[in-house]
Amino acid sequence: MALCLPQRVLPSRVLRPIACRFVSGAAPPAPTPVIMAAPLKVAAVQMTSVNDLSANFSICSQLVKEAATAGVKMLCFPENFSFVGARDGESLEVAQSLDGPVMQGYQSLAREFNIWLSLGGFQEKGADDKHLYNTHVLIDESGHIRNTYRKIHLFDVDVPGGMVYKESNFTVAGNDLVVADSPVGRLGLTVCYDLRFPDLYQQLRFQHNAQVLLVPSAFTKVTGEAHWEILLRARAIETQCYVIAPTQTGKHTEKRESYGDALIIDPWGTIVGRLPDRLMTGLAIAEIDLSLVDSVRMRMPLSEHRRPQIYRNASCI
C-alpha cells in the first residue's frame with residue numbers, strides 16, 4: 001500500500017464538528033462560526049473490494065492505521081468499501097442495519113485510531129428483504145455516526161461497450177440532501193452516480209454552504225476512462241469546493257471491473273492528491289485549506305452573480 005503526500009502546506013480555517021441534515025428544498029442554514037487552526041490532512045482510499053466482509057475489513061483496518069500514522073484527520077472510503085457482490089442479490093444477503101456488527105466494526109476503528117471516517121456506499125438493510133439503501137455513513141473520531149446520506153441517483157444504465165446496470169432493482173433511492181460540519185470543513189455527502197447531476201452539488205454549495213464535497217465511487221472502467229476526472233474537476237470549479245473522491249479499482253469478479261483514480265481536488269480545480277498507479281491499493285493524501293476556499297470565492301464571487309430566479313422564470317426566446 002502506498003501514500004501520496006501533499007506538496008504544499010497552507011493556513012486553514014476549520015469548522016466545529018456539528019452534524020446537520022437538510023431535506024431537499026429546506027431553507028439554507030446560517031453560516032457556522034469558524035476558528036483559525038493549522039491545516040488538516042484528509043485522505044481518499046483506492047482499493048479493490050471483494051465479496052468477503054472480513055477480507056475487506058482487514059484491508060480497511062490497515063488503511064485506517066496507515067492514515068492515522070500519517071496524521072490524517074478524515075479518511076474517505078469508496079462506494080461498496082465493505083462488500084462487492086459476485087452475483088445478483090448477494091449484496092442483499094449481507095445488508096445490515098446501521099447498528100449491526102459490520103458498521104460497529106468500522107465505528108471501533110474510528111474510535112481506536114481517533115480519526116473521522118467517510119464510508120461511502122454501505123449496504124444498509126432496507127424496509128424489506130428485497131431492497132437496501134446505498135448509504136454514505138459519516139463517523140467521527142469517537143466512533144459516533146454523525147450523519148448518513150442515502151444515494152439519490154440510482155445507476156440504471158446501459159453502458160456503451162459495457163454491461164447493463166439496474167441499481168433500482170434492489171436499491172431504494174434516498175430523498176434528502178445531507179451536509180455535516182467536521183474538523184476539515186462543511187461536508188456535502190454524495191455517492192458515485194450522483195456526480196453526473198450538477199444541480200445536487202449546486203444545492204449543497206449555494207443553499208447549504210458546503211466547502212468540501214465527498215464523492216465515494218465505484219465507476220465502471222468505460223465511464224471512468226471517459227468522464228471521471230473531468231466531472232470531478234468540473235464539480236470543484238463550479239462550486240468552488242474541495243472534492244474528495246475515493247475509488248474502487250481493478251477487477252472484483254470476472255464480470256465486474258472498476259476504474260481506479262482516487263483524487264483530491266482543490267476549489268480552483270487543481271488535483272492536489274493522487275496515487276501514482278490507478279490499480280494500487282493505497283491513500284491519496286492532501287491538506288484542506290479553507291482559506292483557499294474563501295480566497296477563490298472572494299475573487300470570483302459566483303454566489304453573488306447567480307440569478308436563480310431568472311433561471312426559473314425566464315421564457316426561452
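Predicted model: local features only at pLDDT ≥ 70, side-chain atom pairs only at ≥ 80, totals over all residues.
User: Why is Gln240 called buried?

Analyst: Its relative accessible area is 2%. The word buried applies under 20%, so Gln240, at 2%, is buried.

User: What makes the link between the side chains of Gln240 and Arg205 a polar contact?

Analyst: Good one to check. The two side chains come to 2.9 Å, and the cut-off for a pair of N or O atoms is within 3.5 Å, where one must be able to donate a hydrogen and the other to accept it. The pair at 2.9 Å is therefore a polar contact. The side chain of Gln240 also reaches the backbone oxygen of Met300, at 2.8 Å.

User: Which residues is Gln240 in contact with, leaving aside its neighbours within four places in sequence?

Analyst: Gln240 is in contact with Arg205, Pro267, Val293, Val296, Arg297, Met300 and Leu302. Take Val293: Gln240 and Val293 are 53 residues apart in sequence, while their C-alpha atoms are 6.5 Å apart in space.

User: Arg205 is in α4, I see. How do α4 and α5 pack, in angle and axes?

Analyst: Helix α4 (residues 198–207) and helix α5 (residues 221–239) pack at an angle of about 35 degrees, and their axes are 10 Å apart. The crossing of α4 past α5 is right-handed.

User: Which residues in α4 and α5 meet?

Analyst: From α4 come Pro198, Tyr201, Gln202, Arg205 and Phe206, and they meet Arg235, Glu238 and Thr239 in α5. By class, this contact of α4 with α5 has three nonpolar, two polar and three charged residues.

User: What makes the phi of Asn80 worth a look?

Analyst: Most residues other than glycine have a negative phi. The phi of Asn80 is near 60 degrees, a positive value in a residue other than glycine. Asn80 lies in the loop between β6 (72–77) and α2 (90–94). With a relative accessible area of 11%, which is under 20%, Asn80 counts as buried.

User: And Cys192: what is its phi near, and how do you know whether Cys192 is buried or exposed?

Analyst: Phi of Cys192 is near 45 degrees, again a positive value in a residue other than glycine. Cys192 sits in the loop between β13 (185–189) and α4. Its relative accessible area is 7%; buried means under 20% and exposed means over 50%, so Cys192 is buried.

Notes:
Residues numbered from 1 in each chain as written. Heavy atoms only, no water. Axes fitted to C-alpha atoms, helices over the stretch in contact; angles between N-to-C directions. Helix = DSSP H or I, 4+ residues; strand = E, 2+ residues; numbered from the N terminus. Left-handed = near helix turned anticlockwise from the far one by under 90°. Contact = heavy atoms within 4.5 Å. Nonpolar A, V, L, I, M, F, W, Y, C, P; charged D, E, K, R; others polar. Buried < 20%, exposed > 50% of the residue type's maximum accessible area, 1.4 Å probe, protein only.
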